[in-house]
Amino acid sequence: MKKLGILLASGLLLAAFTAPVYAQSARFVPYESYEYNSYDESVEAPAAYLPAQVITAASLGLEEPFYSLQDVFYQWELGRVFVLDGEGSRIVELDKDLRLKQEHKNFVDGDGGAVTLSGAQGLFVDGEGTMYVADTGNSRVLIIDRSGQVKHIITRPDEALSNTDAPFDVENVLLDGDGNLYLTARSINLGIFVYGPDYQFEKFWGSNTVARTGEALLDYLRKQFMTKEQREKSLDATPVTITNFTIDAHDFIYTLSPYKPKQNTKVAVPGLLRKLNYKGEDLLGEDTVFGDVEWDRLGEGKTRKNQFIDVSVDDQGFINLLDSTFGRVMQYSEDGQLIGVFGGLGSQAGTFGQPVAVESVDDRTLVLDNKKNCLVEFVPTAYAAKFRSAYLKMQDFDMEGSLEDWNALLMENTNGTYAYKGIGMVHYLTGDYSQAMAYFRLADDHENYSNAFVQYRVEFLQANYPWILAGVLVAAAVLALLIRLAVWRERAPTARGYSRMESKYLLPLYSTIHPADAFSRGRTPPGGCPF
């Protein structure tokens with residue numbers, strides 16, 4: 001008995017010390033985790049991501065501190081993470097585990113002259129290690145090789161901007177699979193600058209459009225009666241500037257723009273994220289809403305208004321959006337399904353002073369903090385890992401594995417509507433429409449419930465067609481018999497007599513069949529009164 005007690009105690013101690021780190025750390029998350037129910041109300045949810053480590057210049061062993069961290073980029077072909085210190089005029093190269101590999105600084109031009117960055121804000125690195133830097137303060141883009149030599153400089157395309165004197169304050173840069181270079185400038189709202197592989201300007205692309213709404217037309221009419229000074233002070237209906245962008249593994253470009261709230265709507269529209277194909281068409285659509293959707297029902301000023309400043313897409317298609325208003329990262333599936341919210345403003349590990357950039361490294365997320373001058377790494381919890389796994393398995397048509405993951409997710413969060421919806425989708429895709437309807441009802445998903453009901457109805461009709469046809473034929477025969485009986489009762493026993501249907505109680509039915517006869521003058525049914 002004593003040995004049994006010792007064994008039990010040892011087992012409990014072993015379980016305590018071998019428990020997963022995320023399970024223990026989740027109790028001390030310094031930020032709130034939530035999701036949304038079917039009424040667009042935020043509800044508590046298990047933490048999706050936890051802070052794993054905080055990278056500083058001191059932790060990397062650098063001699064100089066970071067001065068102004070502005071951008072972070074993961075080059076998956078090289079397995080390297082590049083961090084841009086704009087005011088420090090350097091780029092720090094790390095491996096996937098965020099250990100220092102190289103510090104790129106002391107850049108030179110072709111003649112050996114020193115090249116210094118000034119307020120650089122954007123960075124992209126290609127598969128060969130060539131670095132594309134948006135040198136914002138100097139109004140140019142630098143193309144730098146791994147040795148630190150500037151191979152090319154892109155400056156303001158004056159011919160394309162002949163109708164404006166707006167500065168070429170380029171902030172973001174990226175390269176597609178064909179070698180085309182894309183730039184955005186803060187003061188220019190004509191769209192994205194596109195340069196060919198020869199670094200020659202080709203066109204503007206992907207500009208935001210302006211809808212000619214009734215309000216815009218009304219503003220136009222008002223301006224016709226304004227003085228010149230009044231018109232100059234008024235705001236024009238012009239496209240909003242693209243503030244940031246990224247490119248995914250399939251060369252789709254995601255763009256961010258300043259948020260423009262919809263009129264006459266209860267739900268706060270948090271912003272404008274677009275996924276553009278090669279034609280510049282948005283593949284996400286207006287119905288896909290990103291950000292906090294909770295609206296102020298009680299008039300207490302609690303409506304959430306996000307301001308997304310950066311976006312990243314990992315190799316599995318999951319989208320990370322960085323919100324500067326609350327200092328949070330909101331992760332979504334590629335079809336707009338919220339997976340988790342993590343981070344926040346504060347002084348603890350996992351919170352930020354001023355987040356400026358987000359990047360994805362496999363299933364991990366990196367956030368750059370400009371105020372604390374550090375890089376924070378977040379790793380998924382078991383909850384988020386199971387969520388991502390369930391979604392990806394369903395995309396790969398591994399329905400059995402996806403159903404297992406969704407059920408495991410439901411065990412951790414019985415109030416989560418997403419698990420119910422996921423199980424419903426698995427049953428829907430496998431043809432079990434009755435079960436799909438049951439889970440869509442639990443998720444309060446009216447649209448998918450309606451789709452499942454349509455398929456269930458078709459399936460029911462196909463399976464019971466002979467019985468339905470027989471029922472229709474029997475009903476038709478009974479109806480024909482009733483009609484013949486009605487005709488027989490309607491027939492008058494004598495030429496001038498009344499039919500059996502013209503009695504006191506059946507007259508209303510007779511009137512619907514023969515209104516003219518029933519209301520003709522002078523006809524008095526037996527036991528009735530003359531009209």
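## Around Thr130

Leaving aside its neighbours within four places in sequence, which residues is Thr130 in contact with? In this predicted model, the list reads Phe124, Val125, Ile143 and Ile144. To find Thr130 yourself, go to the loop between strand E10 (122-125) and strand E11 (131-135).

Is Thr130 buried or exposed? Its relative accessibility is 15%, so Thr130 counts as buried, given that the cut-off for buried is under 20%.

## A sheet of four strands

Next up is an open sheet built from four strands, in the order E14-E15-E16-E17. The pairing is antiparallel. If you're new to sheets, here's the general idea: strands of a sheet pair through backbone hydrogen bonds, and they can do that in a parallel or an antiparallel way.

Which strands stand at the edges? Those are strand E14 (170-175) and strand E17 (201-205). Each has a single partner strand, so one side of each has no neighbour in the sheet. On average, and ignoring direction, neighbouring strands here are turned by 25° against each other.

Now zoom in on strand E15 (residues 181-185) and strand E16 (residues 192-195), which pair in the antiparallel sense over three bridges. Look for Tyr182: standing opposite this residue is Val194 in E16.

## Rings that pair up

How many aromatic pairs does the structure hold? The count is 20. One of them joins Phe290 and Tyr332, with 4.9 Å from centre to centre and 80° between the planes, an edge-to-face arrangement. Phe290 sits in the loop between strand E20 (272-276) and strand E21 (308-313), while Tyr332 belongs to strand E23 (residues 328-332), so this pair ties together parts that are 42 residues apart in sequence. Both Phe290 and Tyr332 are buried.

Tyr428 and Tyr433 make another pair: their ring centres are 5.5 Å apart and their planes meet at 70°, so this one is edge-to-face too. What about their surroundings? Tyr428 is partly exposed, at 23% relative accessible area, whereas Tyr433 is buried, at 16%. The line between those two labels is drawn at 20%.

## A cluster, and a lysine over a ring

Rings can also link up in a group. Tyr31, Tyr49, Phe342, Phe352 and Phe378 are joined by ring pairs into a cluster.

Finally, which residue lies over the face of Phe252? That's Lys275, at 4.8 Å from the ring centre.

Technical notes:
Residues numbered from 1 in each chain as written. Predicted model: local features only at pLDDT ≥ 70, side-chain atom pairs only at ≥ 80, totals over all residues. Heavy atoms only, no water. Phe/Tyr/Trp six-rings, centres within 6.5 Å; stacked < 30°, edge-to-face > 60°. Helix = DSSP H or I, 4+ residues; strand = E, 2+ residues; numbered from the N terminus. Buried < 20%, exposed > 50% of the residue type's maximum accessible area, 1.4 Å probe, protein only. Lys NZ or Arg CZ within 6 Å of the ring centre and 35° of its normal. Contact = heavy atoms within 4.5 Å. Pairing = 2+ DSSP bridges. Axes fitted to C-alpha atoms, helices over the stretch in contact; angles between N-to-C directions.
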